[in-house]
Amino acid sequence: MRTTTFTRTRIVSLVVLAAIFVVLALLPTFYHGYWITEITDILRYAVLTVGWVIFSGPTGYMSLATAAFFGLGFYIAAVFNGPLPFVLVIIISGAIAFIVAMLVGALTLRLRGVYFAIFTFALVLLVNSVVLEVERLVTGTRGRFVEQESTNVAYWAMLIVFAFTLVCAVAIRRSRYGLALQSIGEYEEAAAHSGINVVRTKVLIFATSAFFMGMAGAIIATRRSYIDPGIAFNMNTSFLPVLMAMFGGMGNLVGPVVGAAVFTYLGDYLLSHIPDLFMLIFGVVLILAILFMPNGIIGLAQQAWRKIRGGGGKQLESEPEGGRRAPAGR
Amino acid sequence: MHLLEGEQVTKHFGGLAAVADVDFYVDEGEILGLIGPNGAGKTTLFNLISAALSPTHGKISYKGREITGLAPHQICRLGIARTFQTVKIFPHVPVVRNVMVGSLFGTGRRTSEGEALKKAEAALDFVDLTPLRDVPAGDLTLANQKRLEVARALATDPHLLLLDELMAGLTHTEITEAMGDIGQIRGRGITVIMIEHVMHAIMGTCDRIIVLDHGRKIAEGTPAEIAVNQQVIECYLGQDTSGDEEDAGS
């Protein structure tokens with residue numbers, strides 16, 4: 001009985017998802033306006049947030065390296081877009097972000113807790129300075145021009161990358177890696193002694209999440225004509241996905257997407273309408289969210305839903321993995 | 001050839017020798033007890049065997065192959081499973097999935113999820129936790145969390161099981177049950193090394209006992225021999241020969 005309702009909800013949500021995707025895919029054919037750019041931006045943050053959650057969600061390792069991988073995508077697009085087809089540029093960006101993340105991960109994923117967070121933060125600064133120096137010595141310039149793509153092409157590319165990211169995230173959660181990552185997050189030592197190759201698992205999934213970040217970077221770069229290291233490796237790109245994931249809730253993958261959408265839109269709206277108070281309101285919303293929605297918007301919605309249904313016994317799918325975890329380590 | 005053998009195993013923490021020149025072995029099918037006062041180096045020895053720590057010097061061999069220098073997951077996959085003095089479970093993960101971590105990753109063979117689930121269920125059944133299979137492990141009582149650790153270890157198909165103070169903090173009835181469980185584990189062909197402070201349990205269960213004090217092996221023998229060993233009585237048993245729950249704490 002439980003399984004039938006379960007599969008029915010799953011089918012319904014799959015149909016709804018497919019419908020949303022089709023509408024989004026067809027949108028530029030009948031609409032040409034501001035929302036194409038806005039949705040591209042939302043999808044960009046959705047990719048970054050879901051990408052971040054793939055690794056940092058279950059393991060509790062807070063990575064602040066997102067800007068490094070995203071920025072690498074910027075530079076690869078600046079160098080290769082034009083000479084190489086756009087699709088290839090996107091894939092190369094993902095692949096290079098993956099490789100860099102493997103190397104970095106092999107070095108840093110032995111670190112735990114705040115040390116890991118600080119190292120990944122420093123990584124962004126490091127990549128930033130390396131690129132800056134290389135540009136100065138090799139090309140003698142500060143920035144670069146990027147071969148642009150049209151609004152619609154960037155939009156579709158981001159939509160496809162988003163769908164790909166989401167499918168991979170779901171697949172990882174359902175696979176044996178999902179359980180491995182969660183047990184690493186809950187008690188790494190016990191996971192290792194139960195046969196999980198913790199280093200390999202962490203490095204592999206960290207690199208996978210970087211793959212999506214690199215691809216998103218390559219696409220966004222083509223919407224700008226000029227980039228420099230300061231633009232490419234902006235620290236906000238590292239912090240925002242973390243905030244969006246917290247805001248939306250990390251119990252399932254709907255949370256990060258909703259968090260990214262609401263946050264991106266709210267940010268853009270405030271910035272264009274009340275730029276003076278933008279940061280203030282943004283900050284207050286965030287503090288309230290953390291105080292009163294420990295499981296994010298999605299957690300709040302589920303609570304409300306359960307109340308409406310009079311606490312009907314069935315737990316929502318996301319609950320067992322939700323929310324707070326015990327501190328890893330001793 | 002012994003199943004597990006350690007030669008001059010030593011571990012220094014700074015200037016302190018937590019384990020010093022300890023030779024030990026365990027044979028297939030044996031239940032070996034490891035006793036000694038707090039701080040004697042018992043858990044450190046377990047950590048060295050299971051590769052949570054690497055020895056300062058000395059070597060450990062398993063089935064004739066040197067295993068010092070391997071990673072914890074490799075030790076587990078070779079067939080050495082362990083439990084922990086302070087339980088280390090995955091608190092937000094349902095009980096059955098806790099055990100599946102062992103059966104999915106720890107056996108050393110590629111295991112399908114279906115097969116892993118069956119194995120996990122069998123292990124849960126063995127420790128009588130089947131009714132609680134879907135509860136988050138953090139909600140279990142201490143006794144049940146200890147059982148869960150045993151189930152997770154058994155799910156990795158071990159040849160050798162290291163039990164670190166399985167009985168600490170348990171009631172009399174639970175201790176009796178745990179003693180029965182250990183007998184059954186041996187019945188499945190699994191060799192056991194157990195650290196324990198509950199003296200009647202260790203005397204009643206073990207074939208052989210090693211006594212550590214300040215990181216050194218001070219005695220080794222059958223329970224009957226250990227019980228009358230003058231040095232052991234002085235440094236350990238002398239405190240309280242009945243050895244009931246009072247010194248069963250960590």
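The contact between chain A and chain B takes 22 residues from chain A and 28 residues from chain B, where contact means heavy atoms within 4.5 Å. This is a predicted model, in which local features need pLDDT of at least 70 and side-chain atom pairs count only at pLDDT 80 or more, while totals for chains, interfaces and linings use all residues. Residues are numbered from 1 along each chain as its sequence is written, chains are lettered from A in the order in which they are written, and side-chain values use heavy atoms, with hydrogens and water left out.

**Chain A against chain B: area**

- About 2200 Å² is buried between chain A and chain B, and carbon and sulfur atoms give 61% of this area.
- A:Arg176, A:Leu179 and A:His193 supply 36% of the area that chain A buries against chain B, more than any other three residues.
- Buried area is the accessible area (1.4 Å probe) that two parts lose on being put together, summed over both.

- One salt bridge is counted between chain A and chain B; the term stands for a side-chain nitrogen of Lys or Arg within 4 Å of a carboxyl oxygen of Asp or Glu.
- The side chains of A:Glu189 and B:Lys88 form a salt bridge, at 3.8 Å from N to O.
- Seven residue pairs, both residues at pLDDT 80 or more, are in polar contact between chain A and chain B.
- A polar contact is a pair of N or O atoms within 3.5 Å; within protein, one must be able to donate a hydrogen and the other to accept it, and residues adjacent in sequence count only if both atoms are side-chain atoms.
- On the side of chain A that touches chain B, helix H7 (176-186) and helix H8 (188-193) of chain A each supply at least two residues.
- H7(A) gives the most to that side, with six residues; helices are DSSP runs (H or I, at least four residues), numbered from the N terminus.

**Domain 1 against domain 2 of chain A**

- Chain A is assigned domain 1 (1-31) and domain 2 (32-321), with bounds that come from an automatic or database domain assignment.
- The centres of domain 1 and domain 2 of chain A, taken over C-alpha atoms, are 23 Å apart.
- Twelve residues from domain 1 of chain A and 14 residues from domain 2 of chain A take part in the contact.
- The two domains of chain A bury about 1200 Å² between them, with 66% from carbon and sulfur atoms.
- Between domain 1 and domain 2 of chain A, the count is zero salt bridges and four residue pairs in polar contact, both at pLDDT 80 or more.
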